[in-house]
Structure formats: structure tokens, C-alpha cells
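Let's work through a few exercises together, one step at a time. Keep the structure open beside you as you read.

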Amino acid sequence: MQEVKASMAGNVWKIVVAVGEQVEEGQDIVILESMKMEIPIAAEASGVVKELKVAEGDFVNDEDVLAVIE
Amino acid sequence: MSYLEELQERMRKIEKGGKDKYHKSNEEKGKLFVRKRLEILFDSGMNIEDAFFANCLDDDLPSDGVVTGIGKVNNQDVCVMANDSTVKAGSWGKRTVEKILRIQETAMKLELPMIYLVDSAGARITDQIEMFPGRRGAGRIFHNQIKLSGRVPQVCLLFGPSAAGGAYIPAFCDIVIMVDGNASMYLGSPRMAEKVIGEKVSLEEMGGAVMHCSVSGVGDVLVKTEEEAIHYAQNYLSYFPANFRSKPNNVEAKPVPAFEKSITDIVPENQNAPFNMYDLIDRIIDEGSFCEIKKKFAAELITGLARIEGSSVGIIANQPRVKGGVLFTDSADKAAKFIQLCDAFNIPLLFLTDVPGFMIGTKVERQGIIRHGAKMLSAMSEVTVPKISVIVRKAYGAGLYAMSGPAFDPDCCLAFPNAQIAVMGPEAAVNAVEANKIAQLPEEDRAAFIKQKQDEYKENIDVYRLASEMVIDAVIDPNTLRQELVNRFSVYAAKNVTFTERKHGVYPV
């Protein structure tokens with residue numbers, strides 16, 4: 001199991017995967033918006049998206065869990 | 001036995017290091033014998049070895065657990081100290097420390113690079129009065145390192161533990177290369193932490209190579225094997241002169257390989273969209289010449305040595321792909337040390353700027369982002385090597401300053417045609433300045449008003465306006481950047497200036 005965490009504080013701009021989807025290492029899971037920049041957050045290992053912990057528009061802090069991959 | 005036979009017999013014994021069982025346990029961990037490490041490091045063996053017979057009246061302490069001497073790396077003499085972990089776990093006795101001090105003093109006298117191959121359990125407690133507190137005690141090693149710093153390159157290859165006080169050897173080196181799984185640094189071991197503060201933690205979590213190279217930033221380069229560590233060090237040294245009085249050697253130039261996409265293809269016009277800065281770096285440097293430092297630490301800022309037309313250059317580049325390229329406390333620290341490193345050894349600097357600014361928010365304010373940022377500005381400002389600043393896309397707020405903006409005496413500030421230099425980006429600026437007006441407008445009119453204001457703002461900070469005001473020295477075709485850098489660096493190489501007169505600054509550390 002792998003937790004995909006926010007690398008910095010910001011808003012969840014887009015969620016680009018769905019629960020149950022197969023993802024590869026390095027593939028973007030969520031795109032945050034922070035400091036007016038798009039901040040892609042990628043999976044660190046391949047697997048299946050088990051859970052999405054946030055919704056688009058949510059504020060997240062550095063280190064908050066965005067998704068769980070199995 | 002003749003006296004010659006006695007000499008040979010004694011030498012044979014000492015050369016073998018510690019007991020077989022320690023050689024065996026090292027081998028199981030993927031650790032090479034100290035003399036094998038040195039054989040790989042040097043072009044053709046160690047030419048001079050000193051105090052080989054240190055502590056030779058004690059059969060259990062061959063060379064007192066450390067090898068010191070001089071040999072050639074890239075055809076350049078370098079001084080070396082290398083712990084032998086088969087001898088009392090590489091621990092330091094009185095003569096171990098004296099040997100290290102002497103080779104450092106040799107490096108100082110001859111102004112040669114100093115390489116530390118560290119694999120040591122730390123002080124021999126039984127010998128502490130002789131090796132710890134005195135004038136020629138272990139503290140002197142660090143004193144010497146601090147004196148050597150900036151005079152000659154100091155490189156640490158960490159093959160095993162570097163415990164307690166010993167952890168300061170890496171700390172005072174220019175660069176620390178750590179072998180994953182074996183290298184560690186900590187002031188107090190996990191066992192001590194459990195006893196003294198009640199914390200239960202593994203060695204890897206406490207001071208492992210991955211942790212130090214990605215979280216603490218005490219380590220610079222993470223490698224898998226000892227051979228890889230040594231090869232990294234050899235390559236790293238090839239970018240440096242022997243000391244601060246000389247310039248780096250030029251090597252044969254290598255062209256940029258052919259890429260399908262040009263620089264203008266890879267840099268998005270939309271300022272807010274990420275791209276991979278490594279792709280731009282690859283398109284301006286000699287093929288395969290990038291020697292990255294702190295790759296895994298504060299990855300929103302890239303620092304590394306490279307060559308352009310065969311000449312060494314230090315690159316500091318924002319990475320929009322990671323954290324939007326925003327500057328944080330760690331990125332500022334990383335930049336400050338790298339800038340000092342290059343300036344100390346006459347390596348010209350290239351700043352590739354695409355920065356939304358320094359991070360804001362309570363978290364970073366509590367971490368002291370202002371003083372960390374000040375550290376980066378201070379280091380960047382003081383350099384006297386040739387310094388070129390390239391505005392790739394945006395340069396907002398103090399980000400412009402930290403990346404060697406025009407006020408900080410770069411030899412030139414170049415801009416790509418899509419560059420935006422401003423206190424803040426159009427979105428943030430319109431929100432800040434027009435907040436009241438936007439709130440008063442009916443909902444349906446807001447988007448159009450914001451768009452209009454943003455367009456006006458963009459026009460106001462247009463790159464040609466900045467060129468007209470001579471804020472930037474040239475607007476260039478991005479696809480000609482390499483040639484532009486070649487032309488300019490070759491001329492700026494003649495630069496010979498002093499930053500200012502004083503003992504030293506009062507640094508915002």
C-alpha cells in the first residue's frame with residue numbers, strides 16, 4: 001500500500017484518476033493548485049487506486065494523504 | 001630472520017588490516033577492504049603512504065585503523081584519509097587522529113584536494129584522554145577541515161557509520177556521497193536514543209543514507225555501491241581545480257545530442273503549467289556532462305555541475321515539475337551551499353529562472369523562510385565568478401532576486417521572449433489590487449473584468465518594456481541559448497573582482 005501525499009499546501013485542482021484504476025509509477029494522480037502554479041502529484045509506485053481522500057476544491061496541507069494505491 | 005625479512009614480514013601483516021572475521025563480515029555487507037577502495041580511487045595506486053607503521057607495536061592495531069597518503073585522481077595529486085573498519089571498527093585512537101591531522105596539514109601545505117573515506121565507529125573510549133579533548137585531539141580534525149574549506153576541495157565518501165563527533169567530518173566536507181544500506185550519520189545511535197530520550201527508531205530512520213540524502217540534506221549523493229561512490233567522486237573532482245588559486249581544467253567539448261523537440265517546444269507558454277527543467281538543461285550542456293548534487297533533496301531546485309564547450313559551469317535551476325518550482329527553506333539552503341562551492345573554486349554560475357517566488361504560509365514562516373532565503377541571496381550576491389542569469393519564464397518577487405536578478409550584479413541578465421518579471425504574477429496581482437472592485441461587481445461581470453485587468457498587467461510587465469528600460473540585457477531566441485552562453489562565458493572568464501573589503505560578513509544563517 002502506498003499513500004500519495006501532498007508535496008506542499010494548496011488546493012486540489014484536478015483529480016486525474018478514478019478509484020479502481022491501474023496507475024504506473026510516475027503517473028499523475030492529483031494536480032494541486034498552489035502559488036498560482038499547477039503542482040502535479042505523481043504515484044511513487046505502480047498499483048491500483050484504492051481510495052481518494054480528497055475532492056476537487058479541497059484545501060490540503062503539506063503531507064496530507066490525497067490517495068491510497070494498492 | 002634478517003632485518004629485511006623482518007621489515008617485509010611486518011609490512012605484510014599490517015597491509016592485511018584486521019582479523020579475517022572482520023574482513024568476512026565486511027564482505028557480506030558489500031564493503032570493500034580499505035586498500036581495495038584506494039586502489040579503485042587512484043589512477044595507479046597510492047604513491048605516498050605515511051605512518052604505515054603507526055601503533056605497530058600492537059599487533060591488533062595495524063596502521064592504527066586508518067590509511068593516509070597521496071595518489072593521483074584524474075592525473076591530479078590528492079590527499080586521502082581512509083578508515084579501516086577491520087581494525088577495531090575503524091575507531092579513532094591517538095595515532096589515528098594524529099595521522100588524520102597530518103594528512104590534512106599536508107593538504108593545506110601543498111594545496112591539494114582532501115578526500116575522506118569514512119567508515120568508523122568513532123572515538124576509542126579507552127583512549128579518550130589521548131585522542132579526544134586536547135590540542136591534537138579529534139576536535140582538531142574539524143578545525144583543520146574548516147581551515148581547508150574553500151582552499152581545496154574536500155570530499156567525503158561515506159561507506160559505513162560516521163557516529164557522534166565523527167559525523168562532523170562529512171558535515172565539513174563540500175560533498176558527502178553515501179552508500180545506501182551501509183552509510184549512516186548520527187550524533188546518538190538508536191540504542192542511545194532509546195536510553196536517553198526514550199525514542200525507539202531504526203538506524204535507517206535515524207541516520208540512514210536515504211534519510212540524509214532526501215530529508216536532512218546532510219548527505220548529497222545517494223549511491224548503491226562503493227564502486228559507484230568512488231566513480232562519482234572521480235567524476236566530481238574532474239570539474240574542480242586542485243585549489244582556490246587555480247581554474248578548473250577544460251576538457252574536450254561534446255556537442256548537445258540531437259533532440260526531436262527544441263527548447264521552444266518544451267517550455268510551455270502558459271506560465272502556470274509545469275515542464276521538466278532537466279529537458280532544458282540537456283539542451284544546453286555538453287552531452288552526458290551533468291553531475292547533479294542533492295538530486296533527492298529539495299528537488300524543486302536543481303543544482304549540479306556541467307560543462308559547456310568543455311568548460312565547468314555550476315547550474316542553479318528552478319524545477320517547475322516539483323512544487324511548482326517554488327523556493328522553500330531547504331531549496332534556499334541547497335542553493336546557498338552550492339553557490340559557495342562553485343565560487344570558492346572558480347566555477348562560473350548559470351541561473352535558469354522559472355520561479356513563482358518563495359513559499360508563503362504559516363508553516364514556512366515558522367521555519368524561518370525569511371532568514372533561509374536571505375542565506376541564498378547572501379551567497380549568490382557575494383560570488384565573484386562569472387554569473388549569468390537567464391529568465392526562462394517567470395521571475396516573481398524575491399524569486400527574481402534569489403536567482404541572481406539584475407540588482408545582484410550578474411554579468412548579464414538574459415530573457416526568453418515569454419519571460420515575465422514582476423513583483424507577483426498577473427492572477428495574484430489583480431486579486432490583490434482589485435479585490436474591492438471585484439467584490440462590488442455583479443457575479444457575471446467579474447470574469448471579464450479580471451481578464452481585462454490581467455491583460456493590462458501583462459502588457460505593463462512585457463519583456464520588451466523591460467528590455468527597453470534595460471532591466472534585462474538581451475531578449476534571446478531560446479534555441480540559441482547555448483551559443484549565447486558560450487560567447488558570454490568565454491569573455492566573462494577574464495573577470496577579476498573582489499566583492500568587498502572586510503573580515504567577513506555577518507551571515508543570515
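A residue counts as buried when its relative accessible area is under 20%, as exposed when that value is over 50%, and as partly exposed in between. Please keep in mind that this is a predicted model.

**Exercise 1. Work out which parts of chain B are tied together by the salt bridge between B:Arg124 and B:Asp64.**

Step 1. Check the distance: in this salt bridge, the closest N and O atoms are 3.0 Å apart.

Step 2. B:Arg124 lies in the loop between S4 and helix H5 (128-131), while B:Asp64 lies in the loop between strand S1 (46-50) and strand S2 (66-73), so the pair links parts of chain B that are 60 residues apart in sequence.

**Exercise 2. Describe the salt bridge between B:Arg446 and B:Glu443.**

Step 1. Begin with the distance: the closest N and O atoms of this pair are 3.8 Å apart. A salt bridge needs them within 4 Å, so the pair qualifies.

Step 2. Compare positions. The two residues are three apart in helix H20 (residues 443-460) of chain B, which means about one helical turn separates them.

Step 3. Classify each partner. B:Arg446 is partly exposed at 24%, and B:Glu443 counts as exposed at 61%.

**Exercise 3. Find what the buried residues of helix H16 in chain B pack against.**

Step 1. Get to know the helix. H16(B) runs over residues 369-382, has 14 residues and reaches 20 Å from its first C-alpha to its last, close to the expected 20 Å.

Step 2. Pick out buried positions: among them are B:Ile369, B:His372, B:Met376 and B:Met380.

Step 3. Name the packing partners. In chain B, the buried residues of H16(B) pack against helices H14 (329-344), H15 (362-366) and H17 (398-402), together with strands S12 (349-355) and S13 (387-396).

**Exercise 4. Describe how chain B meets chain A.**

Step 1. Consider the area. The two chains bury about 1,300 Å² between them, with 64% of it on carbon and sulfur atoms. B:Asn272, B:Arg321 and B:Lys323 supply 36% of the area that chain B buries against chain A, more than any other three residues.

Step 2. Look for charged pairs. Two salt bridges are found across the interface. One of them joins B:Arg321 to A:Asp28, with the closest N and O atoms 3.3 Å apart.

Step 3. Sort the side of chain B that touches chain A. H18(B) gives its largest share, three residues, and the residues of this side divide into ten nonpolar, six polar and six charged.

Conventions. Residues are numbered from 1 along each chain as its sequence is written. Chains are lettered from A and ligands numbered from 1 in the order in which they are written. This is a predicted model: local features need pLDDT of at least 70, side-chain atom pairs count only at pLDDT 80 or more; totals for chains, interfaces and linings use all residues. Side-chain values use heavy atoms; hydrogens and water are left out. Helices (H or I, at least four residues) and strands (E, at least two) are DSSP runs, numbered from the N terminus. The expected span of a helix is 1.5 Å times one less than its number of residues. Buried means under 20% relative accessible area, exposed over 50%, partly exposed in between (1.4 Å probe, protein chains only). Contact means heavy atoms within 4.5 Å. Buried area is the accessible area (1.4 Å probe) that two parts lose on being put together, summed over both. A salt bridge is a side-chain nitrogen of Lys or Arg within 4 Å of a carboxyl oxygen of Asp or Glu. Ala, Val, Leu, Ile, Met, Phe, Trp, Tyr, Cys and Pro count as nonpolar, Asp, Glu, Lys and Arg as charged, and the others, Gly among them, as polar.
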